[in-house]
Amino acid sequence: MRRNRHKQIVRKRPQDKLKEKFHAYMLNHAHGLFSSLGRLSRTPFTSTMTVIVLAVAIALAGCFYIVVANIQQLTGNLRTSNQMSLFLKDHINDVAGQKLAEQLAQNANVDSIKFIGKKQAMDEFKANSGFGDALNALDSNPLPNVIQVLPKDVLDSREALDNLMAEFKRMPEVEFVQVDMQWVERLQAIMRIASRGVTVVSVLLGFAVTFITGNTIRLELHNRKEEVFISKLVGATNAFIQRPFLYTGFWLGFIAGFSAWLIVTIMLLILESPVEQLSSLYNSSFELLYLSFSEFILMLMLSSGLAVLGSWAVLHYQLRLIKPE
């Protein structure tokens with residue numbers, strides 16, 4: 001019985017050792033994580049200035065991104081400005097025009113259809129043109145029946161829009177098709193430039209975050225050079241020595257990312273009321289988009305990751321230069 005108990009105890013020892021190593025490993029990392037935060041708090045002025053510079057750089061990228069997102073939302077609301085107008089031939093009456101509109105509504109490339117009869121078109125023209133008295137002198141209504149067509153995905157494909165126009169022009173009931181192609185092309189070009197501009201600016205600001213954090217960690221390493229030298233004398237590895245510095249970079253990036261989110265949110269809150277007033281003047285229901293929760297988490301991850309990357313690059317180079325004699 002004693003031998004069996006002794007064997008059971010021996011079998012448990014490897015598992016216990018693994019658990020102890022794991023707990024020691026986690027405690028070591030937790031100590032490095034919170035001790036680095038405490039070290040930052042002991043130099044509040046330097047840490048605050050670094051975080052502010054990083055936060056401004058990240059906030060600029062976030063502002064460009066959210067501006068483009070709101071412009072894309074606005075272009076989605078302005079899609080009715082890119083609709084096609086199908087002017088029907090004179091012999092097409094209201095009943096035939098209404099049937100044609102119902103037929104066009106079944107087209108897979110059409111989002112919505114609106115039929116405007118001759119009488120309705122004349123009434124709108126009188127109300128908006130200011131020539132009501134002169135128009136009353138006309139013997140007959142010269143305006144044709146019109147079908148307004150809103151294509152699907154009009155901002156995405158010029159070729160699809162051209163094909164749809166050609167299909168409508170081939171119809172025997174249609175006299176001609178009118179659409180502002182220049183407006184569509186300009187809007188497409190503006191959105192492409194804006195999207196690429198955001199990408200370029202974000203990459204540049206990402207490099208700025210990496211280099212600023214790396215330079216901060218380099219100065220921190222220089223100030224603790226004697227501590228690093230002694231650690232190397234007692235046999236500490238570079239991986240062990242750089243751990244607290246990496247956590248310092250992580251905290252700088254994390255706090256800067258959160259501060260950047262606050263900056264972007266406050267700016268949007270300041271602009272929200274004037275934007276809503278301007279939107280109401282144009283009878284629009286446009287509302288500002290804010291950073292979503294997933295975008296907020298992504299901002300924290302990117303800012304922390306870039307800061308850690310910059311810290312690691314500097315430490316990987318600098319620690320190789322420090323050699324105990």
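**A walk from strand β3 to the cores**

Start at strand β3, where Val146, Gln148 and Leu150 point one way while Ile147, Val149 and Pro151 point the other, and all are buried. Buried here means under 20% relative accessible area, with a 1.4 Å probe and protein chains only. In a regular strand, side chains alternate between the two faces of the sheet.

Before going further, a word on what you're looking at. This is a predicted model, in which local features need pLDDT of at least 70 and side-chain atom pairs count only at pLDDT 80 or more, while totals for chains, interfaces and linings use all residues. Residues are numbered from 1 along each chain as its sequence is written, and side-chain values use heavy atoms, leaving out hydrogens and water.

Strand β3 covers residues 146-151; strands are DSSP runs of E with at least two residues, helices are runs of H or I with at least four, and both are numbered from the N terminus. So who are its partners? Strands count as paired if DSSP finds at least two bridges between them. Strand β1 (residues 84-88) runs antiparallel to β3, joined by 4 bridges, and Ser85 sits opposite Gln148. Strand β2 (residues 110-116) is also antiparallel to β3, over 6 bridges, with Ile116 facing Val146.

Now for the nonpolar cores: sets of buried Ala, Val, Leu, Ile, Met, Phe, Trp, Tyr and Cys residues joined through side-chain atoms within 4.5 Å. The largest has 23 residues, and Ile58, Ile66, Ala256 and Val264 have the most contacts inside it. Helices α2 (44-77), α7 (181-223) and α9 (238-281) each supply at least two residues of this core, with the largest share, 10 residues, coming from α2. Apart from this core lies another, of 19 residues, including Leu86 and Met165.

Definitions and conventions:
Buried < 20%, exposed > 50% of the residue type's maximum accessible area, 1.4 Å probe, protein only.
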